[in-house]
Amino acid sequence: MIWRGSCLQNLLQSLRLGSLSQRGACICYSSQAASSLQQVSKPLASCSVDGENEYANLDWDNLGFGITPADFMYSMKCSKGGSFEQGQLSRYGNVELSPSAGVLNYGQGLYEGTKAYRKEDGRLLLFRPDQNAIRMKMGADRLCMPCPSIDQFVDAVKGVALANKRWVPPPGKGTLYIRPLLMGSGPVLGLAPAPEYTFLVYASPVGNYFKEGLAPLNLYIEEEFHRASRGGAGGVKSITNYAPVMKAIGRAKSRGFSDVLYLDSVNKKYLEEVSSCNIFLVKGNVISTPAASGTILQGVTRRSVIEIARDHGYQVEERAIPVEELMDADEVFCTGTAVGVAPVGNITYQNRRVEYQMRAESVSQELYSTLEGIKTGIIEDKKGWILEI
């Protein structure tokens with residue numbers, strides 16, 4: 001079943017009016033009433049929206065990083081011991097969970113984040129969604145969960161991007177942030193894997209992650225709280241990694257900082273990562289970043305930046321970095337799907353504030369320009385990173 005340009009418009013219009021019907025080659029399903037719109041769904045087949053260039057009614061010049069739900073989401077389920085079957089696209093809406101669902105009681109859940117970009121000619125681009133799929137599989141193994149295949153994951157992301165094309169911002173105005181979720185949705189009492197799992201994908205148009213926009217970040221080094229410890233789940237994108245850092249972030253932001261930089265929990269002297277992104281230091285021609293040894297997230301952007309930096313002639317080291325090296329660094333920057341490549345203007349550690357000189361031709365700006373150029377189709381993709389829909 002294929003959604004083509006006019007057919008998708010008909011589908012969207014029908015959903016708004018509360019009725020669907022079969023129209024030519026476009027196969028849709030019937031809805032009994034407007035109150036049941038969220039139950040309208042179709043199998044995720046090849047979805048094409050050729051000619052669908054309508055934009056949603058948003059202030060594209062003032063997008064922040066918050067939830068503005070796009071029209072459609074995707075879901076599929078898997079019973080314990082089984083495999084994920086054909087999923088469905090449906091209107092964005094609430095999901096129903098048992099009070100004893102594994103994700104609610106024991107935090108059995110993972111999430112990913114990727115983005116869709118719009119080219120000047122209207123085509124949509126995805127950046128390395130297969131890497132997000134691989135990371136989710138690693139996390140699912142750590143949390144004893146079945147996981148969609150790489151193809152299922154990528155097809156779901158593609159389908160959500162296509163179905164929500166009108167929510168992809170104009171070039172240069174932002175991106176469509178796509179959030180895949182994997183959770184234990186089945187009921188369980190007693191600490192054990194859930195008997196059923198749900199894979200969800202929804203989307204929201206977003207602008208810059210930090211309120212500073214593209215301005216340099218100011219970070220605070222946290223010594224009381226730790227993000228992860230050896231042997232834990234710090235290296236996977238578990239939902240349980242994020243609520244515990246909210247207290248540290250809230251305290252830092254109340255003092256005027258952008259985010260928190262964490263140290264290792266054993267020696268309390270080696271850099272780990274920022275709450276929402278990885279960190280890099282520049283000294284001369286050497287770029288250093290903490291090794292992904294189980295306590296930090298192996299970011300897709302992190303890995304891409306490392307490869308781009310080496311292509312540009314920089315020496316890149318993945319190693320343990322003592323906090324003292326921050327004091328002597330030429331430059332510091334952060335990387336992540338949400339933040340991109342973000343320069344750091346200053347870092348505060350034990351009441352000492354270190355300032356970094358902001359230069360127009362900085363290393364972070366060089367890497368940012370190359371990465372964003374590849375993501376948006378301005379620079380030729382010679383690495384096979386871009387998936388054009």
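**Exercise 1. The largest nonpolar core**

Of the 37 residues in the largest nonpolar core, which touch the most other members?

Solution. The model is predicted: local features need pLDDT of at least 70, side-chain atom pairs count only at pLDDT 80 or more, and totals for chains, interfaces and linings use all residues. Residues are numbered from 1 along each chain as its sequence is written, and side-chain values use heavy atoms, with hydrogens and water left out.

Step 1. A nonpolar core is a set of buried Ala, Val, Leu, Ile, Met, Phe, Trp, Tyr and Cys residues joined through side-chain atoms within 4.5 Å. Buried means under 20% relative accessible area, exposed over 50%, and partly exposed in between (1.4 Å probe, protein chains only).

Step 2. Name the residues. Tyr74, Ile178, Leu182 and Phe199 touch the most other members of the 37-residue core.

Step 3. Find the elements that supply the core. At least two residues each come from strand S2 (72-79), strand S6 (124-127), helix H3 (129-142), helix H4 (150-163), strand S7 (175-184) and strand S8 (196-206). H4 gives the most, with seven residues. Helices (H or I, at least four residues) and strands (E, at least two) are DSSP runs, numbered from the N terminus.

Step 4. Look at one member. Leaving aside neighbours within four places in sequence, Ile178 is in contact (heavy atoms within 4.5 Å) with residues including Leu126, Val157, Val160, Ala161 and Val201.

Step 5. Check for another core. A second, separate core has 24 residues, among them Leu217, Ile279, Ile347 and Tyr356. In soluble globular proteins, nonpolar side chains tend to be buried together.

**Exercise 2. Salt bridges**

State how many salt bridges a search of the whole structure finds, and work out what three of them link.

Solution. Step 1. Apply the rule: a side-chain nitrogen of Lys or Arg within 4 Å of a carboxyl oxygen of Asp or Glu. The search finds 21 salt bridges.

Step 1. Take Glu54 and Arg166, whose closest N and O atoms are 3.8 Å apart. Glu54 lies in the loop between strand S1 (41-43) and S2, and Arg166 in the loop between H4 and S7, so the pair ties together parts that are 112 residues apart in sequence. Glu54 is partly exposed, with a relative accessible area of 35%, while Arg166 is buried at 11%. Both belong to a network of salt bridges that links Glu54, Asp71, Arg91 and Arg166.

Step 2. Take Asp61 and Lys173, which meet in a salt bridge at 2.4 Å, N to O. Asp61 is in the loop between S1 and S2 and Lys173 in the loop between H4 and S7, so this pair also ties together parts that are 112 residues apart in sequence. Asp61 is exposed at 55% relative accessibility, and Lys173 is partly exposed at 35%.

Step 3. Take Lys375 and Glu372, with closest N and O atoms 3.6 Å apart. The two are three residues apart in helix H7 (residues 363-375), so about one helical turn separates them. Lys375 is buried, at 2% relative accessibility.

**Exercise 3. Cysteines**

How many disulfides does the count come to?

Solution. Step 1. A disulfide is a covalent bond between the sulfur atoms of two cysteines. The rule used here asks for a pair of cysteine sulfur atoms within 2.5 Å.

Step 1. By this rule the count is zero. For Cys78, the closest cysteine sulfur is in Cys147, 9.8 Å away, which is too far for a bond.

Step 2. Cys78 is buried at 2%, whereas Cys144 is exposed at 51%.
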